Amino acid sequence: MKTETATDMNTPAADPVSVIQGMYEAESRYLAAGGPGTASFATTLAPYFAYDVVLHQADSLPYGGTWHRHDGMARFFLAMSLAWERFDILEQRFLGVDGDTVVVHSRVGARARATGRELEFPIVQTIVVRDGRIASVRPFYWDTAAIAAACAEPAPAR
C-alpha cells in the first residue's frame with residue numbers, strides 16, 4: 001500500500017516549517033470560505049494532517065481536550081468556530097526547529113461569540129511533522145482562565 005506524502009497533495013514535504021506555513025494558509029482559506037459547515041475540511045485542511053494526528057488543547061478551554069484523527073480535527077474546528085466569532089493571527093514567529101518538531105509563537109486577536117469580548121493573547125505551539133504532514137500539535141496559552149471567561153455564556157439579566 002502506498003503512503004501518500006504531502007508532495008502528492010501539492011504541499012511541501014521536505015521542510016517542516018513549509019508544511020506548517022502551508023497549513024496556516026489553508027486554515028485562512030478555510031475560515032474565509034465560511035469554515036465548518038460551509039467549507040470542506042477534507043479538501044482544504046486534511047491534506048496537511050497525518051491521518052492519526054493528535055491535537056492536545058488545555059482542558060479548561062471551551063474547545064479543550066484531545067482531538068484525534070481527521071474527524072477529530074474537523075470537530076475541533078467546529079468547536080473553535082462556536083467559541084470564536086473572529087480568531088486572527090496578528091503576528092507569528094517560528095522560534096526553532098529540532099528535527100521534526102517546530103516551535104511557533106503566535107499573537108492572536110479574537111472575539112468571543114458568546115460574549116462579544118475581544119482579547120489579544122500569545123500562544124506557543126510545538127508541532128511535530130512526520131512524512132510531510134502534521135502529526136501532533138500542542139498549544140500553550142498564556143492565560144486559559146481569561147480565554148474561558150471571555151467565551152463563557154453571559155449571566156442572565158436579573
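## Model and confidence

Across the protein chain the pLDDT averages 88, and 88% of the residues score at least 70. Residues 1-8 form a stretch in which the pLDDT is below 50; beyond near neighbours in sequence, this stretch has 11 contacts in the model. The structure is a predicted model. Where pLDDT is low, the predicted coordinates should not be read in detail.

## The sheet

Six strands make up an open sheet with mixed pairing, in the order β2-β1-β6-β5-β4-β3. The edges are taken by β2 (65-68) and β3 (84-98); each has a single partner strand, so one side of each is left without a neighbour in the sheet. On average, neighbouring strands of this sheet are turned by 20 degrees against each other, direction ignored.

Helix α3 packs on the sheet, where α3 touches β1, β2, β3 and β4 (101-112). The direction of α3 makes about 40 degrees with that of β1.

## Strand pairing and hairpins

Strands of a sheet pair through backbone hydrogen bonds, either parallel or antiparallel. Strand β1 (residues 49-57) and β6 run parallel and are joined by three bridges. Within this part of the sheet, Leu55 has Val137 of β6 as its bridge partner.

The pairing of β4 with β5 is antiparallel and extends over 11 bridges. Val104 has Gln125 in β5 as its bridge partner. The hairpin of β4 and β5 has five residues between the strands, and Gly116 in this hairpin takes a positive phi near 80 degrees. Strands β5 and β6 also run antiparallel, joined by eight bridges, and Ile123 has Tyr141 in β6 as its bridge partner. The hairpin formed by β5 and β6 has two residues between the strands; in its turn, Asp131 has a positive phi of about 55 degrees.

## The two faces of β5

In a regular strand the side chains alternate between the two faces of the sheet. On β5, the covered face carries Leu119, Phe121, Ile123, Gln125, Ile127 and Val129. The uncovered face of β5 carries Glu118, Glu120, Pro122, Val124, Thr126, Val128 and Arg130.

## Aromatic pairs

A pair of aromatic rings is described by the distance of the centres and the angle of the planes. The count for this structure comes to 12 aromatic pairs. One of them is the edge-to-face pair of Tyr30 and Phe77, at 5.7 Å centre to centre and with 70 degrees between the planes. This pair links distant parts of the chain, since Tyr30 lies in helix α1 (residues 16-32) and Phe77 in helix α3 (residues 69-83), 47 residues apart. Both Tyr30 and Phe77 are buried.

Ring pairs link Phe121 and Tyr141 into a cluster with Tyr30, Phe41, Phe49, Tyr63, Trp67, Phe76, Phe77, Trp84 and Phe87.

## Salt bridges

Side chains of opposite charge can pair when their charged atoms come close. In the whole structure, a search finds eight salt bridges. One of these joins the side chains of Arg86 and Asp88, at 2.9 Å from N to O. Arg86 is partly exposed, with a relative accessible area of 23%, and Asp88 is partly exposed at 31%.

A salt bridge also joins Glu91 and Arg107, at 3.4 Å from N to O. This pair links distant parts of the chain, with Glu91 in strand β3 and Arg107 in strand β4, 16 residues apart. Glu91 is partly exposed, with a relative accessible area of 36%, and so is Arg107, with 30%. Glu118 counts as partly exposed at 49% relative accessibility, and Arg111 is partly exposed with a relative accessible area of 24%. Salt bridges that share partners join Arg111 and Glu118 into one network with Glu85, Arg86 and Asp88.

Note on methods. Residues numbered from 1 in each chain as written. Heavy atoms only, no water. Phe/Tyr/Trp six-rings, centres within 6.5 Å; stacked < 30°, edge-to-face > 60°. Helix = DSSP H or I, 4+ residues; strand = E, 2+ residues; numbered from the N terminus. Buried < 20%, exposed > 50% of the residue type's maximum accessible area, 1.4 Å probe, protein only. pLDDT = per-residue confidence, 0-100. Contact = heavy atoms within 4.5 Å. Pairing = 2+ DSSP bridges. Axes fitted to C-alpha atoms, helices over the stretch in contact; angles between N-to-C directions. Salt bridge = Lys/Arg side-chain N within 4 Å of Asp/Glu carboxyl O.
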